[in-house]
Amino acid sequence: MEEDSKERTIITDIPGVDEVVKKSKHAYIIFLSGPLIGKVHLIKDGSVIVGRAPDVDIPINDLGISRHHISLISEKNSVLVRDLGSTNGTFVNGKRITERELNDGDKIQISSSTIIKFAYQDQVEDIFHNELYKMATIDPLTGAYNKRFFTNRLKEEFSYALRKNIPLTLIMMDLDMFKKVNDNFGHPAGDFALGHLATLTRTVIRNEDIFARFGGEEFAIILKSTELKGAGILCERLRRLIEESEFKFEEQILPITISIGFATLHDKNFKDFETLLQEADNMLYQSKNNGRNRVTSSTL
């Protein structure tokens, strides 16, 4: 009787945090790029087919997508993405898949143009507001800033550096022979190369530096308070890192090198940010015209 009157602890199975989150939130996809950029779709129970055909649940006018490209299957508090035998394949976070369970924040790429983000959110307004700023400023493929954001920041940083008479370096860089990479290995391989280049670049630059995809295979970096000599050391370090790194995509080694050009604002040698940009771009093209896989600095 005495034992029965004592308090006893009963251990039961406790659902994991991820399961609780999934049950309390809804699954959404948001288009980060492509013809449907900015569109948000709630994923309900059952399957949703995405493709180019007019009879699918989410039709996309993108020639890089197959008519019936992927299926999103929601069941038992999870969502699977399944490739439906597409021509160009389906990639989740840069890796080709045939079927995979999706996690919050996963990025699904179904063409060079169309990238989709998967997320669990309380309401559609939450995911839209969370992603609105990113869509306006971030390149979805590489995670670098986009050209529009970068140009605005370059204008601001140039004005500040000119006013305070402090150095400012602008780096322009370009993947060498990138068209051949796409032609010989396919566009998914080219997309992988751009993403991996961005990842490697972020290991070299500082948090305060501003890194952007300027267009196609061209990237740009703003180095604050950095003079010509220091910028040259960083550029050569970055060039060597890319040359010596392995760009391996689906068992294929991609031949990736970069050409770099840079110019530095000092002693008011440039009148505005456009002339600094033009000079750095000219240096980039000197590197490419002189054999590629090299660094060229301005003498201005």
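**Arrangement of helices and strands**

Modeller: Helix 5 and helix 6 are oblique to each other (angles under 35 degrees count as roughly parallel, over 145 as roughly antiparallel, 65 to 115 as roughly perpendicular and the rest as oblique). The model is predicted: local features need pLDDT of at least 70 and side-chain atom pairs pLDDT 80 or more, whereas totals for chains, interfaces and linings use all residues. Residues are numbered from 1 along each chain as its sequence is written, and side-chain values use heavy atoms, without hydrogens and water.

Colleague: At roughly what angle do the axes of helix 5 and helix 6 cross?

Modeller: Helices (H or I, at least four residues) and strands (E, at least two) are DSSP runs numbered from the N terminus. Axes are lines fitted to C-alpha atoms, for helices over the stretch in contact, with angles from 0 to 180 degrees between N-to-C directions. Those of helix 5 (residues 178–185) and helix 6 (residues 187–202) come within 6 Å and cross at roughly 135°.

Colleague: Which strands are the edge strands of the open sheet of 5 strands?

Modeller: Two strands pair if DSSP finds at least two bridges between them. The order is 13-14-12-17-18, with mixed pairing. Pairing on one side only marks strand 13 (210–215) and strand 18 (295–297).

Colleague: Which residue of strand 14 is the bridge partner of Met-173?

Modeller: Strand 12 (residues 168–175) and strand 14 (residues 218–224) pair in the antiparallel sense over 7 bridges. In strand 14, Met-173 has as its bridge partner Phe-219.
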